[in-house]
Amino acid sequence: MGKAAIDEILAGNDYPETGTYKQAVDFIDFSANGQNFTQVVVTLTPDRPRLRNGKKLVVVGGEPGSEYALDFVSTIEGKEGPAIWLAKRGITFIALTRVGRWNFLAPSKDGSWESVPIGKRMPMFSRTQKAHWAESDYEVKHSGLSGNVSAGVSAVYRFPRKGTALEKQMLAATPRVFVEGYRLALEKAIPDRRGSLVLFWGMSTGGASLYPLAKYYTPDGYLGWGTSSTGLAYVNGRTLDGNFNDVYEHSALRVRERGLDDFEFYTKNIDPQIRAKWWQAAQKDPRFKSTEDAAMQFGAAALTEQGLRLWQSDFLPAADRKPGLAAFMQAMFEPSYPPAELKSIPILDLNGTNDEALPPATVDANRKVMEPYAKKYRVGRIEGLHHYLFTQDSIKIVGSTWMRYINSGYFD
C-alpha cells in the first residue's frame, strides 16, 4: 500500500464510529506445575456489534513484548488506542495480558507499574501476592550490550536466586502456562463462540503465543500488524544470517529489562522531546520480558533447562509426572511450533516498510516457514509505517486496512 492509498484513507472516513462501548477487567485464577497464577483479560464490548455473515466480530489482541493489555486501550500519546478504534466501530476487542505482567499492587488498581522503580520490577504471577519481590530474591547482571541496537537484547538482566519462591514461580511459568492462561481468558470473555467471528492479532511478540493457542482455542483467522511468528520461524530467520547462537541462549529464568535504550530502538524517528514524554508515559508498562523469551525465540537450551529443573523440583505435582519425562519435555517445546490447526485458518501478515523489529526480509522469511501450515497466507506492507501503532494516523490506516480485508471475505 503506497502513499496515495494511505492519503486516501486518512482523508476519508470509510469506517465511521457506530456507537460506544463498555470496558471490563476480569481475573482468572488457575494452578499449573504446582504454582498459582492469575490471568488478566480486558474486554471492550460495543453497544452496537458489527456483524459479518450474522456473526459478531471479535478481535483478540496478544500484548507486545514489554507492555500490558492497556496499551491497546491508550497510546503513549495519551490518546485512544486500537482497541477503542475498533470497539467504536462495533468490534469487540479482547486484550490479553501474559501471566506475570499485571501489577496487582498498583495504587491505581489498573495494573500499572508506574509506582515501581524500573530496576526493581519482577513478574507478579498471582493476585494473592501481598508485596513486590525483594531485592534479595534476585540478582542483577549486565549484558554489556545496548538495547538500542537490536530488539533481541537488553543491557540489564535479572535472575531469581536459587531456592526462592520467585524461582519456583518462574520455573512453573512454562510456555504452556502462557497459552493456558490465554485459553482460559477467551473462554471467559467470549461466551458465544459459535456466534462470533474471532480474529487473533498478536502485536509484536504477542504472535508467538497466539499461534500455538490455535491448538486449544481455534480462531477464524489471524490479523497481523508487526506480528512475530512461531519460535521455529524466529530461529530459522536468525540462521539465515548465520546466527546459530540463539538456541544456546541462557534465558530460561531471565527477566530482561526493557529500559530507555530499548525504548529508543523503536522511536529513533521521533523528536527527542516527544520521545521523552512518551518514555514517561511508557512507565506504566511492565518494561520487562520474562520466561516467554525461550519459547518465542526457540531457545532450545533454555527450554531444556527450564523443563529439567522443573522436573527435578520438589513441587511439581505427581499428576504432571505421570505421563513421563518424554511427554513433559515435548510439552515444553510444543508452543514453539506451528500447530496443525492452522491448516484451517487464513493468516494475514501486515507490517510497515519501516518496521524496526520485523523488517520486510524477516516477514518474508517467516512466511516461508509458516505458509505450508496455513489455509492461506498473505503478506501485505504499508509504506513508511513503523513497528508500533503509536499515533492516531497509524491506527486509522491499519484499522481501515483490516476492515477492507474482513469485508472482502478473506476470513469467511
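This is a predicted model: local features need pLDDT of at least 70, side-chain atom pairs count only at pLDDT 80 or more; totals for chains, interfaces and linings use all residues.
**Notebook: helices and salt bridges**

I started with helix H3 (residues 165–172), which is mostly covered, with six of its eight residues buried (under 20% relative accessible area, 1.4 Å probe, protein chains only). Helices here are DSSP runs of H or I, at least four residues, and strands are E runs of at least two, numbered from the N terminus. The buried ones in H3 are Leu166, Glu167, Gln169, Met170, Leu171 and Ala172.

Numbering runs from 1 along each chain as its sequence is written, and side-chain values use heavy atoms, leaving out hydrogens and water.

Next I looked at H4 (residues 175–189). I found 11 of its 15 residues buried, so H4 is largely enclosed by the rest of the structure. Phe178, Tyr182 and Leu186 are among them.

Then I went through salt bridges (a side-chain nitrogen of Lys or Arg within 4 Å of a carboxyl oxygen of Asp or Glu). I get 27 by this rule.

- Arg101 pairs with Glu63 at 3.1 Å, N to O. They sit 38 residues apart, Arg101 in the loop between strands E5 and E6, Glu63 in the loop between strand E4 and helix H2. Arg101 is buried at 1% relative accessible area, and Glu63 is buried at 0%.
- Arg158 meets Glu257 at 2.5 Å, N to O. Arg158 is in strand E7 and Glu257 in strand E10, so the pair ties together parts 99 residues apart in sequence. I see both residues buried.

Definitions and conventions. The expected span of a helix is 1.5 Å times one less than its number of residues. Buried means under 20% relative accessible area, exposed over 50%, partly exposed in between (1.4 Å probe, protein chains only).
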